[in-house]
Amino acid sequence: MTPPPLPPPPPLPFTRVCLSCDDTPPLHFTDYWPLVAASWHRFFPEAKVCMAFTGDESRLPFLRRYGEVVHIPVPTSSPQLPIPSANWAKFARVVLAAQYPTDISVLHDMDSIVLQREYGERITAQRKKDHLLLVGGEVYFGPEAGKAQMSWLCGEGALFARMLKICAPKFRVYDNKESLHSPANVFSDESLIRVLVNASEIPVQRVPRDEDIYRDWVDRSWWHLLDHGRLHRGEYHEANLLRPLKANWAQIRPLAEYVTGRPVTLEEVLPW
């Protein structure tokens, strides 16, 4: 007797992945785009992977070989109060998500790759419809309280659009890190999101990070602890890659080959 077919898996809790970067030296965050896009395509093939690029639009044809790329240059409407490129490069992923009002977008970092599916699926599945999912707020204390990590921030694009309608005079100052006009070494997109969430009064759902980063991440701060056995068993959730990519390729390569499932050269990952 033939057993009944297995039920289909539940749909992915998000439909789009939004990343952003500029191309300012010396880190050249666009160098990570081919590998980062490959990791999302492997573990979340149903999702659209897109990037807001804030730099020179002549780079767009090359970048679009690996996924959707939208040019969102730094606003120049107030020359007397410029926005540092590095600040806009962080925040542009929020602007990007707002352009897709009916999509459920997840935000993540341009220099991080996902290494499995289960964690992201489990975290984002907890989100209630029409709520912005804020992950990891439990690690912020004192003047940092109320923040959440930018990675795995998740919600309908319409929620991001509502946040962007908030005008500067409505801002409550929490820690002086929320202004896009701050020096790049002061600005915090986590701080700005905290302001926009509270000022816009959008519905939010806060969930704990529910992972041990020292066990579950491959991180640039403890890269020497990388366990190749655990990597190939799919036990790591994600990797925060060493910077810059080219100078650290020998150490990053094992992760690139795990993601792609084959030998990979620097020329393939960094074709420009």
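**Sheets, helices and a pocket**

Author: In this predicted model, seven strands make up an open sheet with mixed pairing, and their order is β3-β2-β1-β4-β7-β6-β8. The edge strands, each pairing on one side only, are β3 (68–71) and β8 (204–207). Direction ignored, neighbouring strands of this sheet are turned against each other by 25° on average.

Reader: In which sense do β1 and β2 pair, and over how many bridges?

Author: Strands of a sheet pair through backbone hydrogen bonds, either parallel or antiparallel. For β1 and β2 the sense is parallel, and the number of bridges is six.

Reader: Why is strand β2 described as largely enclosed by the rest of the structure?

Author: A residue counts as buried when its relative accessible area is under 20%. Strand β2 covers residues 48–53, and it is largely enclosed because the buried residues among its six number five.

Reader: Which residue of β7 is the bridge partner of valine 106?

Author: Strand β4 (residues 104–107) pairs with strand β7 (residues 149–156) in the antiparallel sense, over three bridges. Within β7, the partner of valine 106 is cysteine 154.

Reader: What angle does helix α6 make with β7?

Author: Helix α6 comprises residues 189–200 and lies across β6, β7 and β8. Its course relative to β7 is at about 35°.

Reader: Which residue in β10 stands opposite aspartate 219?

Author: β9 and β10 run parallel and are joined by three bridges. Opposite aspartate 219 stands asparagine 240.

Reader: Which element gives the most residues to the lining of the largest pocket?

Author: The largest pocket holds about 850 Å³ of space, and 34 residues line it. With four residues, the element that gives the most is α3.

Reader: How many residues of this lining are charged?

Author: Lying nearest the centre of the pocket are Lys90, Arg93, Asp109, Asp111 and Arg243. By class, the lining has 13 nonpolar and nine polar residues, and its charged residues number twelve.

Note on methods. Residues numbered from 1 in each chain as written. Predicted model: local features only at pLDDT ≥ 70, side-chain atom pairs only at ≥ 80, totals over all residues. Heavy atoms only, no water. Pairing = 2+ DSSP bridges. Helix = DSSP H or I, 4+ residues; strand = E, 2+ residues; numbered from the N terminus. Axes fitted to C-alpha atoms, helices over the stretch in contact; angles between N-to-C directions. Contact = heavy atoms within 4.5 Å. 1 Å grid on protein atoms, 1.4 Å probe; cavity = no way out; pocket = protein on both sides within 12 Å on 5 of 7 lines; lining within 4 Å. Points joined across faces, edges and corners; volume = space filled by probe spheres on them. Nonpolar A, V, L, I, M, F, W, Y, C, P; charged D, E, K, R; others polar. Buried < 20%, exposed > 50% of the residue type's maximum accessible area, 1.4 Å probe, protein only.
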